[in-house]
Amino acid sequence: MKRVLDNKHWTIEERDDGGVLILARTREPFATTADVSRAFDDVLTALAPYRGGARALLVDLRAARARDDPEFERASREQPDEIAKRFPRAVILVRTAIGQLQLRRTLKGIARRMTVFTDEAEALAHLAAPSRR
């Protein structure tokens, strides 16, 4: 895999087959909401060359610690949709069913194009399936 971004909060790797980019959250917690914004800006900059292409995106949140405080949720609420609209297909991968429920609640009405999975093989199969559009 080719590493596209590697900072303390996120990594981006391009799979060898060239069809999927993997945006993975690291274990490093965000200290402030300003850190959330700065890290998101880094992600958008790194993803810019891929905008409008044929690649799919898998957002892997399994390493991140769960946070449900309102300040953090407000700071990160728009990010999934902002990322998803740059790719024809995008999914989110979380560690647990509870995380899946929490993320679906957080994303309700925002990132409609992103399906949330707990199984990596299912997420990748979804990205590889023919588009239903």
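**Ground rules**

I number residues from 1 along each chain as its sequence is written, and my side-chain values use heavy atoms, with hydrogens and water left out. As the model is predicted, local features need pLDDT of at least 70 and side-chain atom pairs count only at pLDDT 80 or more, while totals for chains, interfaces and linings use all residues.

**Entry 1: salt bridges**

I started with the charged side chains, taking a salt bridge as a side-chain nitrogen of Lys or Arg within 4 Å of a carboxyl oxygen of Asp or Glu. By this rule I get nine salt bridges.

I looked up arginine 3 next. Its side chain meets that of glutamate 13 in a salt bridge, at 2.6 Å from N to O. This pair links distant parts of the chain, ten residues apart: arginine 3 lies in strand S1 (residues 2-6) and glutamate 13 in strand S2 (residues 10-14). I take strands (E, at least two residues) and helices (H or I, at least four) as DSSP runs, numbered from the N terminus.

Arginine 3 also forms a salt bridge with aspartate 6, and here the closest N and O atoms are 3.1 Å apart.

How covered are these partners? I call a residue buried under 20% relative accessible area, exposed over 50% and partly exposed in between (1.4 Å probe, protein chains only). Glutamate 13 is buried at 18%, arginine 3 is partly exposed at 44%, and aspartate 6 is exposed at 54%.

I then checked aspartate 17, which forms a salt bridge with arginine 15; their closest N and O atoms are 3.3 Å apart. Aspartate 17 is exposed at 54% relative accessibility, and arginine 15 is partly exposed at 26%. Shared partners join Arg3, Asp6 and Glu13 into one salt-bridge network.

Which residues of S3 are buried? Strand S3 covers residues 20-25, and six of its six residues are buried. Val20, Ile22 and Ala24 point one way from S3, and Leu21, Leu23 and Arg25 point the other way.

S2 and S3 pair in the antiparallel sense over five bridges, with isoleucine 22 of S3 as the bridge partner of glutamate 13. Their hairpin has five residues between the strands, and glycine 18 takes a positive phi near 75 degrees there.

On to strand S4 (residues 56-60): S3 pairs with S4 in the parallel sense, over five bridges. Leucine 23 stands opposite valine 59 in S4.

**Entry 2: helix H1**

S3, helix H1 (residues 33-47) and S4 make a right-handed β-α-β unit. Right-handed means that, with the strands pointing away from the viewer, the path from the first strand over the helix to the second runs clockwise.

Buried residues in H1 include Val36, Ala39, Phe40 and Val43. Among the elements covering the buried residues of H1 are S1, S2, S3 and helix H2 (70-76).

Last, I looked up aspartate 35 in H1. Aspartate 35 is buried at 14%. Leaving aside neighbours within four places in sequence, aspartate 35 is in contact (heavy atoms within 4.5 Å) with His9 and Phe30.

Terms used: Pairing = 2+ DSSP bridges.
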